[in-house]
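Have a look at the sequence and the fold first.

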Amino acid sequence: MAKKEEKIEREMSIEDTIENHPEVVPVFERHGLRCAGCKAALFENIEQGAKIYGIDMDVLLADLNVAISED
């Protein structure tokens, strides 16, 4: 299946990221961003969600991008 984005970036919305790459849900959960499926995900980007939960943005992005690169 073709990917809609080549790389996940901090300014991407949580909802769009999950919609385009459902395989990232466990990554969000593992990092403690459990609201990935909640209404806040409709208007928050990844960076905003990470800040709210005190998540290291660089580590989260790296893990998200690994998840979408694995087949």
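## Confidence

Among the helices of this predicted chain, confidence is lowest in helix 1 (residues 14-20), with a mean pLDDT of 91, and highest in helix 4, at 97. Here pLDDT is the predictor's confidence in each residue, from 0 to 100, and helices (H or I, at least four residues) and strands (E, at least two) are DSSP runs, numbered from the N terminus. The protein chain averages a pLDDT of 86, and 86% of the residues score at least 70. Residues 1-5 stay under 50, and the model has nine contacts for them beyond four places in sequence; a contact means heavy atoms within 4.5 Å.

Some bookkeeping: this is a predicted model, so local features need pLDDT of at least 70 and side-chain atom pairs count only at pLDDT 80 or more, while totals for chains, interfaces and linings use all residues. Residues are numbered from 1 along each chain as its sequence is written, and side-chain values use heavy atoms, with hydrogens and water left out.

## The overall picture

The protein chain has four helices and zero strands, giving the pattern α-α-α-α along the sequence. Of its 71 residues, 44% count as buried, that is, under 20% relative accessible area, with exposed meaning over 50% and partly exposed in between (1.4 Å probe, protein chains only). Of the contacts between residues at least 6 apart in sequence, 57% join residues at least 24 apart.

## Helix 4

Helix 4 (residues 57-69) packs 13 residues into 18 Å from first C-alpha to last, close to the 18 Å expected at 1.5 Å a residue; the expected span is 1.5 Å times one less than the number of residues. Its buried residues are Met57, Leu60, Leu61, Leu64, Asn65, Ala67 and Ile68. Seen down the axis of helix 4, they fall within an arc of 155 degrees, so they line one face of the helix; the arc is that of the directions from the helix axis to the C-beta atoms.

That buried set packs against helix 2 (25-30) and helix 3 (46-53). The face turned away from the buried side carries exposed Asp58 and Ser69.

## Val24

Val24 sits in the loop between helix 1 and helix 2, and is buried, with a relative accessible area of 0%. Leaving out residues up to four places away in sequence, Val24 touches Ile8, Thr17, Ile18, Leu64, Ala67 and Ile68. Val24 and Val66 are 42 residues apart in sequence and 9.3 Å apart in space, C-alpha to C-alpha.
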